[in-house]
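Open the model in your viewer and keep the selection tool at hand. The stops below cover salt bridges, then pockets, then a cavity.

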Amino acid sequence: MFGRKEHLGIRGGHLFVEGVDATALAEQYDTPLYVTSEAKLRKNIRGYHRAFPHAEKYFAVKANGNLSILRIMAQEGMGADVFSAGELALASLAGIPKERILFNGNSKRDDELEMALDAGVRISVDSPEELDVLSSLAKSRGQKAKVLFRVNPDVSVKTHPKIATGLKTSKFGIPAASVASVFRRAIETEGVEPVGLHCHIGSQILEISPFVEAASKMMDLAAEVVACGCKIEVLDLGGGLGVQYHPESPAPVPADLAAGILPVIEKRAREIGISPQLILEPGRSIVAESTILLTRVNVVKEAHVSFVGVDAGFNVLARPMLYDSYHHIVVANKADAPATGKYTVVGPICETGDVLARDRALPEIQRGDILAVLDAGAYGFSMASHYNGQPRPAEVLVSEDETEPIRTREGFSALLACQRIPARLL
Ligand code: LLP
């Protein structure tokens, strides 16, 4: 019924996450509520380990920064791709060792670079200017930073244009044509030690061929760099593997990715005479399916279409608003009832674009029903905001029949936390 989402099931007409009734969770913890299956999370991680036994896997913390989820990553031997000092702090707090953290970013502040130097993690350098800044910071601290270079490989992918990152026109990385010369210059630069190349071509990619193209281009670049007398110890191909959001858009699995890219990398590595450590940075394909978002129906309104007003808008799940993305919806308390009509599910935010789902065939909906928005574990809570004065929701972790809170619901104090009123306004 739920395809590869084996952690979801239906019992007595209710949606279950592992052994727990989602409708009961909505009662107990209130809504909106993110609910994560620990079993699915661990299963997805292990799928990557099986497909890539020799590669390091660095979870992309931007996809989900919950500390308990990062703890599970650490326990399962995942490293972390961090894109800010805040994400570095989260990954370190979760116990991910510094040897398995890569500090990424296309526009890093000095204090972020200093924090990365303090932590002793490797840094992916996005521009020649950043190399110079990092060199002088590291030199002044008597350090030598291990760096990778973020390459813009100029690979086009079929995904939403806002999340394609390896196009020639995208803001990320150093154009492929100048990578070898920047690498060579880095060899002579004090305070840095160039160790490898990095790319990331985009997100929610459902075909393997662009990954193969990127791997092949990166190996060509590795050959160029090696021909200049430099060493390539690390090759990081980023994340991007898509998931099945829509019942009719199947997604490849890590084993498909491995079957596509490993032969290319291994063959070219032999030819060039190198054996780099392969790194992958999966985010979505690890966490998306592990989590549902529960939201309660406040109102059903017959208008131009049948609108269902729920308590989660783009303040809670921004993806539909930002990328027109599809998230499947199940009525948690009527999970096996037949569809009787078409509904457009909208949030409580004061914008017309606050639409979670359009024209969905669902059973008859009433006020109080609980909708489950599937595949909400990646870029869900991590992109939530306080817009419209909305405190952010709670998160819970399900393990078999047990449920534990992993983030409490914010109160209004969260809206006030950093606000100050100058005395003259009092
Ligand atoms: N590595 C780097 C350098 C990245 O920029 C990203 C994602 C990843 C790894 C992880 O990619 P994944 O495996 O999750 O596709 N908010 C958007 C997605 C933005 C992705 C940004 N970079 C969304 O909700 O679809």
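A salt bridge here is a side-chain nitrogen of Lys or Arg within 4 Å of a carboxyl oxygen of Asp or Glu. This is a predicted model, in which local features need pLDDT of at least 70 and side-chain atom pairs count only at pLDDT 80 or more, while totals for chains, interfaces and linings use all residues. Residues are numbered from 1 along each chain as its sequence is written, and side-chain values use heavy atoms, with hydrogens and water left out.

**Salt bridges**

By the rule above, the count is 25 salt bridges. Select R185 and D132 to see one of them: the closest N and O atoms are 3.0 Å apart. R185 sits in helix α7 (residues 176-187) and D132 in helix α6 (residues 128-140), so the pair links distant parts of the chain, 53 residues apart. Helices (H or I, at least four residues) and strands (E, at least two) are DSSP runs, numbered from the N terminus. For exposure, buried means under 20% relative accessible area, exposed over 50%, and partly exposed in between (1.4 Å probe, protein chains only). R185 is partly exposed at 34%, and D132 is partly exposed at 38%.

Next select R268 and E271, whose side chains meet in a salt bridge with an N to O distance of 2.9 Å. Both are in helix α9 (residues 254-272); because they are 3 residues apart there, about one helical turn separates them. R268 is partly exposed with a relative accessible area of 22%, and E271 is partly exposed at 47%.

Now go to K334 and D369. Are these two buried or exposed? K334 is buried at 18% relative accessible area, and D369 is buried at 4%. Their side chains form a salt bridge of 2.7 Å, N to O. K334 lies in the loop between β16 and β17 (341-346), and D369 in the loop between β18 and β19 (370-373), 35 residues apart.

To end this part, select E6, K40, K43 and E289, which salt bridges with shared partners join into one network.

**Pockets**

On a 1 Å grid over the protein atoms alone, a pocket is an open set of points with protein on both sides within 12 Å along at least five of seven lines, a cavity is a set where a 1.4 Å probe fits but cannot get out, and lining residues have an atom within 4 Å of a point. Grid points are joined across faces, edges and corners, and a volume is the space filled by probe spheres set on the points.

The largest pocket has a volume of about 570 Å³. Select K62, T165, H200, S203 and Y379, the closest to its centre among the 29 lining residues. Helices α10 (284-287) and α11 (319-323) each supply at least two residues of this lining.

The second largest pocket holds about 370 Å³ of space. Of its 24 lining residues, M1, F2, P247, H328 and L374 lie nearest the centre. Strands β16 (329-331) and β18 (355-362) each give two or more residues to the lining.

**The cavity**

How many cavities of 30 Å³ or more does the structure hold? There is 1, and the largest cavity has about 110 Å³ of space. Select F211, L237, G238, G239 and L257, the closest to its centre of the 15 lining residues. Helix α8 (209-227) gives the most to this lining, with 3 residues.
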